[in-house]
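Keep the model open beside you as you read.

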Amino acid sequence: MGSTDIKFLQKTVYSFLFFILIIIIMKEGSVILLPLVWGAFFAFALYPISNWLEEKRLPRAVAIVLTLIFITVTAVALLYFLTDQVVGLIKDIPEIRASFETKINTYLKEIEGAIGLGSDIPLEFSFLNQKNLESALFGAGRSLILVGIIPLFIFLMLYYRDFFVEFLKKRSTTESPSILNFIKDSGKVIQNYLFGMLIVTIIVSLMAGVVLYFLGVKYFILFAVFVAVMNLIPFVGVFLSSLLLIIYVLLTTDSLFYPLATMLLLWMIQLIENNLITPVVVGARVKVNAFAVILAILLGGYIWGISGMILFIPMVGLLKIIFERVPSLEAYGYLLGDDYPVIEKKENYLRKILRKVSSKSES
């Protein structure tokens, strides 16, 4: 092994160890890093509103406070509106659990009778215990224990944004505007992604709400918002939310028509969202290929849970921008992107078969 191969191997090992170290720091420091990252993303997203108020001759601090008050009031109103349905669903958990056990026992007895087997073993479904389900409903909020710090981070980042820009100018060793261009591109990626996904979430929640209302689902508003929010997590979120909703409809109705109709209509909503709503509203602003998105979801879920699944997608988009700005890392930016050549066969099987048939007939 030559010296060049040894240096390459050392560089690869060091890069791998550095990557592992970053993951450990992000996981162990989630109490600080998670609200900080959320604050940075919301600061980018709320900048247009705060800047618009500043242009109306309001002081920066006042503009930021008014922006935060508007967003907070909107979020609290939405949560208050959904509280009644959440409490009602929790109260219905014992009834849903009993329905689940009854239906499963009935199905198992029918299967045992059909195959000629019998069993007197009682079935217990401890995972549907009310305490477990209540903890599952509120478990997602545990990753945001320091949620009260996020508004403070948002305020400070918006208030000192010029200070941070000046720091980056002084830190740069050249007079190239690449750092400022990177900041602008990063801000556009975050703003476009968050604003676009907000519009998509509202549209999907309205569509799902109308569908579930006509299907007679009791807590149709809560489930519509749940489906729309879980839609923010590509691939995984859609599957889990649809599965839970279909199971709920199956347990609370006496006919298979309703769960089947729910599955079909949710599939139609997802089809419309993927092929019409998201391409028009969001477009390809976060240009990351599907393989990188799946890895980002898995890694984000491992490090920061549900918050990581949502945050890591635009973070990978920012990472791609960084790689594209650094010549030595440009290849990695290409690896994350979706601008890749599609290699297809020039001749498909049907044409080959027709050609063989025609050649045999001529002979």
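A nonpolar core here is a set of buried Ala, Val, Leu, Ile, Met, Phe, Trp, Tyr and Cys residues joined through side-chain atoms within 4.5 Å. Buried means under 20% relative accessible area, exposed over 50%, and partly exposed in between, with a 1.4 Å probe and protein chains only. Please bear in mind that this is a predicted model, in which local features need pLDDT of at least 70, side-chain atom pairs count only at pLDDT 80 or more, and totals for chains, interfaces and linings use all residues. Residues are numbered from 1 along each chain as its sequence is written, and side-chain values use heavy atoms, with hydrogens and water left out.

The largest nonpolar core has 33 residues, and Trp38, Ile154, Ile303, Trp304, Leu311 and Phe312 have the most contacts inside it. At least two core residues come from each of the helices H1 (3-28), H2 (30-55), H3 (60-91), H6 (149-159), H8 (178-214) and H12 (290-325); helices are DSSP runs (H or I, at least four residues), numbered from the N terminus. H12 gives the largest share, 14 residues.

Now for the rings. Rings of Phe, Tyr and Trp (its six-membered ring) pair if their centres lie within 6.5 Å; planes under 30 degrees apart count as stacked, over 60 as edge-to-face and the rest as tilted. By this rule there are 11 aromatic pairs. Trp304 and Phe312 make an edge-to-face pair, because their ring centres are 5.7 Å apart and their planes stand at 85 degrees. Both Trp304 and Phe312 are buried. Phe323 and Tyr332, with centres 6.1 Å apart and planes at 55 degrees, form a tilted pair. Phe323 is buried at 17% relative accessibility, whereas Tyr332 is partly exposed at 47%. Elsewhere, Phe155, Tyr159, Tyr160, Phe163 and Phe164 form one aromatic cluster.

Where does the structure leave space inside? It holds one cavity of 30 Å³ or more, a cavity being a set of points on a 1 Å grid over the protein atoms alone where a 1.4 Å probe fits but cannot get out, with lining residues having an atom within 4 Å of a point. The largest cavity has about 70 Å³ of space, taken as the space filled by probe spheres set on the points. Its lining is made up of Val204, Val227, Asn231, Val238, Ser241, Ser242, Leu266, Ile269 and Gln270.

Definitions and conventions
1 Å grid on protein atoms, 1.4 Å probe; cavity = no way out; pocket = protein on both sides within 12 Å on 5 of 7 lines; lining within 4 Å.
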